[in-house]
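Here is a walk through one protein model, from its overall layout down to a few side chains. Have the sequence and the coordinates open as you read.

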Amino acid sequence: KEVKYGLTYCMIVGIRESILNQHGTFSSQSLKNIPSANKNSNSSLEEDLSTIAVHDAEFKAINKVRFPVQESVQTPKHELIHSFKFKDYSPDIFRRLRKMFRIKEKDYMCSICGTNSFIDFTTN
């Protein structure tokens, strides 16, 4: 049970920081700084799809982040007693997909991570 909690907690922290770092923010306290999705209702999904160029390298991109026990310049302090690593696969591709389908970053994070509650995350 403790291993499952640890893995889940690492995923929650990693996902949140990945999204926040895409917007140049640093901690989960900065959620309010994430911009909302495109509010222009006149633009169609087809227009959005035609303006996005995708490169093969973006599908192969992997961002690796080490979360030390203590807060660092790149990572926030976390509740675990050990450090952990998080891999973010194709972050630009997934960011673009969310943008194309007008999924707000805040809504995405809350649907995946909940309110940072282990129970919310494991029941999704």
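## Ground rules

This is a predicted model, so to speak of local features a pLDDT of at least 70 is needed, side-chain atom pairs count only at pLDDT 80 or more, and totals for chains, interfaces and linings use all residues. Residues are numbered from 1 along each chain as its sequence is written, and side-chain values use heavy atoms, with hydrogens and water left out.

## Overall layout

The protein has six helices and two strands. Going from the N terminus, the order is α-α-α-β-β-α-α-α. Both kinds of element are DSSP runs numbered from the N terminus: H or I over at least four residues for helices, E over at least two for strands.

Of the 124 residues, 32% are buried. Buried is under 20% relative accessible area, exposed is over 50%, and partly exposed is in between, with a 1.4 Å probe and protein chains only. The accessible surface comes to about 8,500 Å², and carbon and sulfur atoms hold 55% of that; the areas come from the Shrake-Rupley method with a 1.4 Å probe, and for residues only the protein chains shown count as cover. As for contacts (heavy atoms within 4.5 Å), take those between residues at least 6 apart in sequence: 66% of them join residues at least 24 apart.

## The two strands

Strand S1 (residues 62–67) and S2 run antiparallel, joined by six bridges. Strands pair if DSSP finds at least two bridges between them. S2 covers residues 84–89 and has two faces: Phe84, Phe86 and Asp88 sit on the covered one, while Lys85, Lys87 and Tyr89 sit on the uncovered one. Which residue in S2 is the bridge partner of Phe67? That would be Phe84.

## Aromatic pairs

A search of the whole structure turns up two aromatic pairs. The cut-offs: rings of Phe, Tyr and Trp (its six-membered ring) pair if their centres lie within 6.5 Å, and planes under 30 degrees apart count as stacked, over 60 as edge-to-face and the rest as tilted. Tyr5 and Tyr9 make a stacked pair, with 6.0 Å centre to centre and 20° between the planes. Both lie in helix H1 (residues 2–22), four residues apart, or about one turn of the helix. Tyr9 is buried at a relative accessible area of 7%, whereas Tyr5 is partly exposed at 33%.

Phe67 and Phe84 are also stacked, because their ring centres are 4.7 Å apart and their planes are at 5°. This pair links distant parts of the chain, with Phe67 in strand S1 and Phe84 in strand S2, 17 residues apart. Phe67 is buried at 1% relative accessibility, and Phe84 is buried too, at 6%.

## Other side chains

Arg98 lies over the face of Tyr108, 4.5 Å from the ring centre. For a charge to sit over a ring, NZ of Lys or CZ of Arg must be within 6 Å of the ring centre and within 35 degrees of the ring normal.

Ile93 belongs to helix H4 (residues 91–100) and is buried at 9% relative accessibility. Leaving aside residues up to four places away in sequence, Ile93 touches Val54, Glu58 and Phe59. Ile93 and His55 are 38 residues apart in sequence, with 9.4 Å from C-alpha to C-alpha.
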